[in-house]
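Subject: Handover of a structure and findings

Dear colleague,

Please find the sequence and structure below. My findings follow directly after them.

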Amino acid sequence: MGFDSLCDISPASKHWSINVRVARMWDYCGTRDGQPPIHVDLVLVDDKGTAMYAEIPGTEAKKFKELIQENGVYSLKKFFVAPSKSSYKPFPAKYMIKFTPWTTVTNTEVVPKSFPTHVYNLVPFCDLPSRVGAQDYFTDVLGQIVGVSKLGHVRMSTNSSDTAKRVIALRDDRNTEVKLVLWGQRAVEFDAELVFDNGQNTAVVGVFVGLLMKSYNSELLLHLLINYFMLALQMSTHDPVSIVDDETLSGGSACRWYLNEDIPEIDSCFDRLGDDFAKVQWISTGTEKFAASRNRADLPRKTVAELRELDPWETEATDFLCTVSITSVAPEQPWWFQSCSKCHRSATSYGSEYRCSGGCVSTKAYPKYRLCLVGTDGTGSAEFVFFNRVAQQLVGKTVMSLLRSSGLPREIAAVVCQKYTLAVSVTQKSLSQRNISFQVNAIETFFGRQNSVPHDTRVSTILPLAMTAASSLDDSLTSSLDQVLDGPSGSELPVVIPELTMPAEDILKKAGPIRMPLRSLKRKEPEGAKTSKNLTKDAVLTSQNIDPDSIPRNASPPVKLASEVIAAGNEVHLHGKSPEVGVEDEADSDAKKRKVPPEATDPTSTVTRLPKKTGLKKGK
């Protein structure tokens, strides 16, 4: 029977029948590892190259995970087609597929060799700064691996156990470097030793998909444009130019990687590199720095009266702990603002675009929290400003979900009479006004709703805080407080608040270097165990991420296929052949089936010796 193409299906009907490959499949378990999935996410692609995102509800996860395997080809019926979700899509798309308990899944036995296997939407390194904090869709990149770290562990406040972390250094054709951090199970699955060993004899080039671009130090974001001007000046040298260290790619559950695969963009990268490639080096995980930035137990404690006596010029860069009860929401101040997509300052609408108050060149802006609350501890009252992720942690809802409310949303009004211990610092605006206000950098402890609020023993007037530059703390993860907000009033039992994680030049082609696909990188034994490493062709690496509802974006560019079929839909590259079908011709085996020489399987060998690559095919 005939199947419908993914580019033709829409919510107009419920009787679609499609035949698709599951290019990617991962569980979304919220902010905690090891929990049952809230939903299972899939990237589907049909034989014409059109890709679409699909979602299986958590209640049906067990049933469908027994029927569907990643990289398998299936015919599907009895599903809904709905408008695509507003955030954390694998790629720009108009529609998505939603599985139902009645959805039928039938395995396809005969699969054409031309059926695409990879789906990606590559972003150049020079465009990564514009993706900092963006949540509309994931970011995919191509780069040469020049550094890998050992497996490290950090204790996240959202988990009761340590979280695995691994750092990878990537470099593009213009010598720009960026760090990629893998988290949780994905950090464990990435075999850094295998990559390092092979990276001594050949370039290791990878496509990494399902990433987020994050900023762990907002003040450095303003220097990114300067970095790229410097990059233009240094292009004549071979010195690598790094994106600011605190601007990193982050890979969680949605992340996948394809190393030295037979993909056109990887082939082109090998052509440009020739024999002039950088050997993979061991680098630091940066675990110590990451953990230290979150240790606030030793911060000095202040009463509100003591905070108000501070000299803002002397304490501008200092954090303090203060325990307060929220008495009111500042009525003169809006609780959200339009934030510039690059520097995160406030932006003003000009027609269909925005103009940044900081003077940067960005014309895009997104709604973000700027929540002004008055708090007291009985010694005095002060204004506390919650930006972005901290405000979202306080309220338990995203900005976009509350914009639908008229007036002050009830979720924000509900924080009045709640008691918190806050990590605060003096706002920039306090440098030029008499009444000091404070920016909340973290919520340390939640005490619950209070039966009575301490009486302010001082007469104080809280002046409205004028709109100022917004903090650029990213909105990447959410942690709802709904469970504790619904608890009994008057509770003084403290609850520790989970913290939220925060044109190429033509180059003469040289002879292709040694190259071998690295596809079996899932580690089943602890790092440090001595195992023989075999390079096979049947596995694809996987990784872990987070999925809150946030900011909508617009359009859907056309899908691009490595098989050179272009269909209406998403601008996504697809390439590959079915691993399920027969043996390829002998004439193609040299370029498409790179086998490991006998000496590579010798357990006494510490470095895999790979045959010299005789030629690269640049597309099918």
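The charged end of Arg355 is placed over the ring of Tyr350, 4.0 Å from its centre. Likewise, Lys419 lies over the face of Phe447, at 5.0 Å from the ring centre. A charge sits over a ring here if NZ of Lys or CZ of Arg is within 6 Å of the ring centre and within 35 degrees of the ring normal.

Please note that this is a predicted model, in which local features need pLDDT of at least 70 and side-chain atom pairs count only at pLDDT 80 or more, while totals for chains, interfaces and linings use all residues. Residues are numbered from 1 along each chain as its sequence is written, and side-chain values use heavy atoms, with hydrogens and water left out.

Of its 620 residues, 55% count as buried, that is, under 20% relative accessible area, with exposed meaning over 50% and partly exposed in between (1.4 Å probe, protein chains only).

The largest nonpolar core holds 32 residues, of which Leu371, Phe384, Phe386 and Leu422 touch the most other members. Such a core is a set of buried Ala, Val, Leu, Ile, Met, Phe, Trp, Tyr and Cys residues joined through side-chain atoms within 4.5 Å. Strand E17 gives the most to this core, with five residues. Apart from it lies another core, of 27 residues, including Ile168, Leu182, Leu211 and Leu249.

Turning to aromatic residues, the whole structure contains nine aromatic pairs. Rings of Phe, Tyr and Trp (its six-membered ring) pair if their centres lie within 6.5 Å; planes under 30 degrees apart count as stacked, over 60 as edge-to-face and the rest as tilted. Phe208 and Trp257 form a tilted pair, 6.4 Å centre to centre with 35° between the planes. This pair links distant parts of the chain, 49 residues apart, with Phe208 in strand E13 and Trp257 in strand E15.

Finally, Ser5 lies in the segment before strand E1 (17–28). Ser5 counts as buried because its relative accessibility is 6%. Leaving aside residues up to four places away in sequence, Ser5 touches Asp46, Lys48 and Thr50, where contact means heavy atoms within 4.5 Å.

Yours sincerely

Key: Helices (H or I, at least four residues) and strands (E, at least two) are DSSP runs, numbered from the N terminus.
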